[in-house]
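Subject: Structure handover

Hello,

Here is the structure I said I would pass on. Please open it next to this message and follow along; my notes come after it.

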Amino acid sequence: MMGSVRRSSDYCWFAIYLSLPLLFFGEQAVAELRYSIPEEVKEGTVVGNVAKDLGLDKTSLIERRFRVVSGYKDTFFEVNPDNGALQVRKKIDREELCQGSGACLMELKILVENPLEMHHIIVEITDVNDHSPSFPEKQQTFEIFEQTSTGTRFQLHAARDPDAGMNSIRTYTLMSNEHFEIDISQSDEDKIPFLVLKKSLDREQNNKHLLFVTAVDGGKPQRSGTLNVSIIVLDSNDNRPMFSQDTYQIEIYENVPVGTTVTRLNAMDSDEGTNGETEYSLSKTLRRNVYDIFELDSLSGELKVKGIVDFEESEIYKVDIEASDKGQPPLTGRCRVVIKIKDVNDNPPEIEITSLSNTVSEDSKPGTVISLISVTDKDSGVNGKIISHITNNVPFELKPSYKDNIYSVVTKGFLDREEVSHYEITIKATDCGEPPLSTFKTLNIQILDVNDNRPHFEKKSLEFYLSENNIAGTSIFSVSATDNDMNDNAAISYHIVRGENGNEMSSFLNINSDNGHITALKSFDFETLKTFQFQVVATDSGTPSLSSNVTVNVFILDQNDNAPVILYPVSSNGSAEGVEEIPRNVNAGHLVTKVRAYDADIGYNGWLLFSLQQVTDHSLFGLDRYTGQIRTLRSFTETDEAEHKLVILVKDNGNVSLSATATVIVKLVEPKEAFAASDVKSSAKVDDEDNVTFYLMITLGSVSVLFLISIIILIAMQCSKTTDYTSKYLQETNYDGTLCHSIQYRSGDKRYMLVGPRMSIGSTIVPGSHANTLVAPDRRRTSVEVRL
């Protein structure tokens with residue numbers, strides 16, 4: 001146990017040694033200002049010009065909240081923010097504020113902000129002779145035997161004067177008489193008057209004497225108080241009780257239990273009988289609080305603790321004890337018990353928040369001051385030595401000031417509100433007593449937001465699929481970004497980058513700046529435009545504002561909005577009608593003609609099927625539903641009609657299919673006639689074929705241009721995207737009597753194909769795809785089902 005106490009004590013003294021250099025080499029080595037004023041001065045009296053003495057700019061005092069921070073219950077001083085003068089706020093009674101004759105010092109703290117500074121000022125309150133000496137009792141009576149020898153001393157009541165120094169009691173005077181004179185004994189700082197018998201008394205001549213004792217202070221002008229002393233002359237009781245010593249020194253700890261015996265006094269009286277029986281009592285001239293704290297047993301002389309003993313209230317008590325016998329008249333002996341109070345660590349440290357900024361910006365640099373605190377302990381010595389630190393793991397630290405037990409709370413690292421928006425700083429102050437006592441104080445600090453985060457899109461690029469023929473003016477899709485900041489720093493607005501890299505499609509789009517909803521101002525046509533991209537910029541409302549962008553790729557999805565177009569047969573007036581002459585002697589399977597048609601849609605929307613809608617004889621002609629070829633089913637007979645009408649229906653495979661019809665008139669002629677007419681027809685057919693060729697060239701040219709544009713766009717998209725997230729379009733023309741389209745495209749590790757009537761080998765129809773989406777095998781990865 002002793003080893004633990006010694007180690008704790010060594011640690012505390014080590015902390016004291018470490019803190020001493022801060023008093024001389026602190027960051028702000030500011031000297032204390034000292035002023036002196038007399039007590040009882042009027043309110044508003046100027047003590048001194050603090051701003052001038054501290055070198056502060058008077059014009060900035062109000063802005064910097066120039067003020068007095070006092071630890072006293074009553075605020076006796078205030079500062080004038082207009083001129084920086086320290087003034088008396090209320091009258092000061094030195095005797096009420098500071099007891100005793102020592103210097104009466106008041107420590108003030110002067111605080112200014114922006115930047116935060118704290119200065120210490122000492123104001124000494126000097127004494128004024130505003131109290132007259134007074135005796136505890138106006139009357140004091142002595143009974144003296146006539147045989148009393150000359151030189152006998154009788155202690156008079158000591159007068160009290162709350163003033164200090166020269167204004168306290170200087171001397172005692174006695175009215176002129178022949179039997180008594182006054183003698184003054186100095187005990188510590190007290191003057192005790194004694195009445196000395198200089199001439200023997202004669203009861204038969206005079207059995208009573210009336211004297212006046214005057215106590216005079218040293219003030220200018222002097223003040224005085226008077227004590228009436230009555231002397232009653234009795235027959236002798238010539239031995240008084242005597243203590244073994246005049247003064248006893250006793251030490252006790254504070255907070256001892258009530259009833260604890262301080263000491264036991266014993267006075268001896270040589271007389272016998274009642275003249276030798278002694279009774280003990282406390283002197284009537286003690287301070288009032290002594291009677292509340294101590295009591296004396298009149299018979300045993302035992303001095304006990306009656307109330308609470310507190311070292312912080314008083315460190316020493318002087319108790320005058322009287323021992324009186326029971327003689328007539330009784331004789332009294334006196335002694336003084338000096339009780340020194342030893343300190344006990346019974347007061348925890350106190351933490352005072354002198355100044356606090358409960359908010360700090362997240363971009364504050366390390367070392368930013370957010371609070372000033374002072375730590376005090378009412379105990380003394382090692383019990384009053386305090387060690388302070390922050391207990392929890394926060395980016396703040398305590399930084400000692402130039403004066404002991406004054407700290408500033410500063411940031412020790414960079415702050416980020418997005419990670420932690422609020423801190424609770426717990427400060428622990430522990431003294432070095434045994435056992436040590438601790439106090440905790442919690443500061444709540446709110447982190448203010450700074451616009452240090454850009455709006456964030458989840459992906460660098462977005463893909464949207466839009467069916468063609470959309471309604472102009474309606475919302476087609478939306479984009480959304482998030483911002484980790486708060487309030488205006490997180491309020492996001494959106495806009496589209498116009499005309500960048502030659503992209504003119506952005507001019508046909510509009511975006512709601514508040515919610516990111518994008519509206520198309522026109523209706524898109526898949527046959528004209530299959531894909532385009534644009535950029536959306538998200539900007540926050542901070543100062544300065546931050547922004548980020550995202551690339552939006554839009555893929556137009558085909559709808560069945562184009563009906564099949566008959567390319568052959570076409571008559572001279574533009575109707576889908578033609579006449580074919582064949583010899584009557586042709587065999588079964590003879591190609592009569594081929595109906596040619598084109599659909600601008602792709603995939604199943606452009607997949608054309610042919611069917612006989614009307615025919616004069618179903619046994620003669622057959623129609624291939626995929627190629628449109630009309631062939632004979634059998635040889636003609638003599639009974640067959642010479643002319644046959646065939647109506648062919650050409651229909652696409654859209655969900656709501658569109659169709660067109662063509663009429664072919666087949667005429668049966670004799671072989672010679674057919675041969676003779678072949679030359680005539682060939683010239684006419686050349687013209688027809690020229691027309692067909694012209695249409696085919698226009699169609700194939702359009703398809704080729706679309707194909708080249710698609711390839712260029714896809715190459716540009718490939719250059720701006722990663723391999724794992726691309727889309728490729730490959731347009732190919734499959735013309736075998738019908739112009740059909742197929743599109744292959746890739747998204748990530750998936751490759752898709754939309755095809756016409758002729759499917760490539762190895763392609764399979766995806767279940768649930770309405771038979772218009774195929775999955776083509778990928779040599780690099782396993783095919784998976786498309787998800788649109």
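Four strands make up an open sheet in the order E40-E47-E46-E43, and the pairing in this sheet is mixed. Strand E40 (577-583) and strand E43 (609-615) are the edge strands, so called because each pairs on one side only. On average, neighbouring strands of this sheet are turned by 30° against each other, with direction ignored. If you want a place to look, find Leu612, which stands opposite Ile648 in E46. Keep in mind throughout that this is a predicted model.

There is another open sheet of 4 strands, in the order E1-E7-E6-E3, and its pairing is mixed. Its edge strands are strand E1 (33-38) and strand E3 (67-69), each of which pairs on one side only. From one strand to the next, the twist averages 35°. E1 runs parallel to its partner, strand E7 (residues 117-126), and the two are joined over 6 bridges. Within this pair, Arg34 stands opposite Ile122 in E7.

In strand E19 (residues 278-282) the side chains alternate between two faces. Which of them are buried? Thr278, Tyr280 and Leu282 are, and they point to one face. E19 pairs with strand E22 (residues 316-325) in the antiparallel sense, over 5 bridges. Thr278 has Asp325 of E22 opposite it.

Strand E16 (residues 247-253) also has two faces. The covered one holds Tyr248, Ile250 and Ile252, and the uncovered one holds Thr247, Gln249, Glu251 and Tyr253. E16 pairs with strand E23 (residues 332-342) in the parallel sense, over 7 bridges. From the uncovered face of E16, Tyr253 has Lys342 in E23 as its bridge partner.

In soluble globular proteins, nonpolar side chains tend to be buried together. The largest nonpolar core here has 28 residues, and Val479, Phe534 and Val536 touch the most other members. Which strands supply at least two residues each to this core? They are strand E32 (461-467), strand E33 (475-478), strand E34 (492-496), strand E35 (509-511), strand E36 (517-520), strand E37 (531-540) and strand E38 (547-557). Another core, of 27 residues, lies apart from the largest one. Among its members are Ile252, Phe294, Cys335 and Val337; Ile252 also belongs to the covered face of E16.

How many cavities of 30 Å³ or more does the structure hold? It holds 1. The largest cavity has a volume of about 80 Å³. Its lining is made of Phe526, Glu527, Thr528, Leu529, Lys530, Thr531, Leu706, Ile709, Ser710 and Ile713. Helix H5 (residues 671-720) gives the most to this lining, with 4 residues. Sorted by class, the lining has 5 nonpolar, 3 polar and 2 charged residues.

That is what I have for now.

Regards

Notes
Residues are numbered from 1 along each chain as its sequence is written. This is a predicted model: local features need pLDDT of at least 70, side-chain atom pairs count only at pLDDT 80 or more; totals for chains, interfaces and linings use all residues. Side-chain values use heavy atoms; hydrogens and water are left out. Buried means under 20% relative accessible area, exposed over 50%, partly exposed in between (1.4 Å probe, protein chains only). Axes are lines fitted to C-alpha atoms, for helices over the stretch in contact, and angles run from 0 to 180 degrees between N-to-C directions. A nonpolar core is a set of buried Ala, Val, Leu, Ile, Met, Phe, Trp, Tyr and Cys residues joined through side-chain atoms within 4.5 Å. On a 1 Å grid over the protein atoms alone, a cavity is a set of points where a 1.4 Å probe fits but cannot get out, and a pocket is an open set with protein on both sides within 12 Å along at least five of seven lines; lining residues have an atom within 4 Å of a point. Grid points are joined across faces, edges and corners, and a volume is the space filled by probe spheres set on the points. Ala, Val, Leu, Ile, Met, Phe, Trp, Tyr, Cys and Pro count as nonpolar, Asp, Glu, Lys and Arg as charged, and the others, Gly among them, as polar.
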